[in-house]
Amino acid sequence: MNQARHRRVKGSVASGVAVLIAVFLAAVATPSTLPTIWRDRSQPQLDVQLEVGSSMPVLATSDLGSNAGQLPLPAVGSFAMEADLGGRLAQRSPDEVRGIGSIAKTMTALAVLEAHPLGSDDDGPLITFTQADVDDYLAALAGDATTIPVSVGKQLSQRDLLLALMLHSAANIASSLGRWVSGSPAAFVELLNRKAQALGMIHTHFDDATGLSSRTVSTASDLLLLGRAALRNSALAEIVSTASATMADGIPLWNTDTLLSSEPGWLGIKTGHTLAAGFCLLFAVRRTPSGGSVPVTVVGAVLGQKGSADAFGAARAAADAALARYASPASLRPVVSGVARSAWGAQVPVRLGIMHLGTETLRSGAEVALLGIPLRPGPLLRAGDTVGILEGSVDGHLVVWWDIVAGGDISAPPLQWRLAHV
């Protein structure tokens with residue numbers, strides 16, 4: 001009986017010693033082998049504290065050099081320009097109703113292509129000229145309008161006629177295409193006005209398909225809608241950006257928009273001129289900002305200029321200045337400071353890590369709102385481990401973010417701390 005009791009006491013002591021040894025080993029063990037209860041209760045996550053500025057501009061005004069301040073605008077007439085990134089960029093009397101001259105042919109071409117779409121390698125059907133087309137040609141010739149010669153029975157493809165319309169600005173071809181699509185010039189003009197209303201061109205009215213009529217009017221703002229619609233139609237965008245072409249009958253064509261051959265990224269669209277309207281230009285240009293990989297497209301309209309050089313000069317100056325004001329957010333260098341601190345008093349500084357781009361291009365001067373978001377890593381750190389995120393947003397849209405990383409190591413807690421927190 002006593003021997004049995006002695007054995008039980010001895011076993012209890014041994015068990016107690018084993019528990020103490022196990023606790024001691026747990027206290028000195030490496031964190032990866034610590035018991036679950038120790039990891040859950042005695043290894044709190046690291047405390048990360050961040051300090052960042054509230055916002056920063058993509059480019060400071062001083063970085064713009066000669067482009068600082070207001071974009072250049074024409075001294076007379078109307079002007080409007082906007083970008084796919086940034087919206088309206090500049091304007092002068094944008095809602096003043098004016099004659100638009102041959103810019104009207106842009107809507108003519110768009111209506112033709114919506115009725116009879118063309119693929120990139122498709123010339124479309126052959127169109128046979130009738131006596132009515134010859135009469136249109138003779139009338140345009142007598143009115144000193146731009147034309148190409150036609151005769152009864154002559155055939156040209158739809159693409160050739162659209163090239164003659166948009167490059168050479170042939171007035172008689174606008175009438176012929178309208179008759180081909182709608183059966184009569186009057187029916188085609190009704191179609192043009194319906195399309196203008198559908199695009200939201202509320203201050204626009206078409207009295208003819210050529211723009212020669214002084215009652216064919218629009219505004220610079222309305223024409224931006226037409227310009228964007230023209231670029232969305234791939235066949236029309238290809239045609240208006242063509243500098244020169246030769247039709248099947250051997251007639252050479254040169255685009256009246258001379259900036260196509262001199263300005264990088266110039267997309268053309270349409271020139272216009274009448275005595276009443278003055279010189280006009282509907283234009284587009286696409287360029288990739290320095291340091292970026294996503295192009296910015298600008299569409300603009302210039303109306304009521306005294307000469308063609310004035311219209312081209314106004315468009316080029318404004319577009320060049322506007323596009324110089326775009327930059328990649330990769331150029332942003334926000335300042336972040338702070339620490340990652342352990343429960344046992346060890347701490348390391350934090351720094352910016354890898355950048356992630358949500359967009360490749362921003363308009364300069366855009367305020368990028370910064371928000372630091374600490375994470376709760378732990379309990380150990382190695383230099384370069386992510387401890388937070390720094391977000392950059394413009395108008396509530398996330399455009400860029402950075403990893404915030406540890407600037408050093410935080411290793412296992414000291415033995416004394418481990419023993420105190422078993």
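Start with the largest nonpolar core, which has 60 residues; Leu162, Ile173 and Leu223 make the most contacts inside it. (A nonpolar core here is a set of buried Ala, Val, Leu, Ile, Met, Phe, Trp, Tyr and Cys residues joined through side-chain atoms within 4.5 Å; buried means under 20% relative accessible area, with a 1.4 Å probe and protein chains only.) Colour helix 3 (residues 104-115) next: seven residues of this core come from there, the largest share. Helices are DSSP runs of H or I with at least four residues, strands are runs of E with at least two, and both are numbered from the N terminus.

A word on what you're looking at: this is a predicted model, where local features need pLDDT of at least 70 and side-chain atom pairs count only at pLDDT 80 or more, while totals for chains, interfaces and linings use all residues. Residues are numbered from 1 along each chain as its sequence is written, and side-chain values use heavy atoms, leaving out hydrogens and water.

Now click Leu162. Ignoring neighbours within four places in sequence, Leu162 is in contact (heavy atoms within 4.5 Å) with Ala109, Val112, Leu113, Leu118, Leu177 and Ile239. Then pick Met81, Ala315, Ala321 and Ala322: these are among the 25 residues of a second, separate core.

Next stop, the open sheet: show its five strands in the order 4-3-13-12-11, paired antiparallel. Pairing takes at least two DSSP bridges between two strands. Strands 4 and 11 are the edges, each with a single partner strand, so one side of each has no neighbour in the sheet. Zoom in on strands 12 and 13, which are antiparallel and joined by eight bridges; Leu281 has Val302 in strand 13 as its bridge partner.

What packs on this sheet? Helix 8 (residues 220-232) does, touching strands 3, 4, 11, 12 and 13, with its direction at about 135 degrees to that of strand 13. Helix 10 packs on the sheet too, touching strands 3, 4, 11, 12 and 13, and its direction makes about 25 degrees with that of strand 12. (Axes are lines fitted to C-alpha atoms, for helices over the stretch in contact; angles run from 0 to 180 degrees between N-to-C directions.)

Stay on helix 10 and show its side chains: the buried ones include Ala311, Phe312, Ala318 and Leu323. Besides the sheet strands, the buried residues of helix 10 pack against strand 14 (326-327).

Finally, zoom out to the whole chain: 11 helices and 20 strands, with buried residues making up 46% of its 422 residues.

Methods:
Buried means under 20% relative accessible area, exposed over 50%, partly exposed in between (1.4 Å probe, protein chains only).
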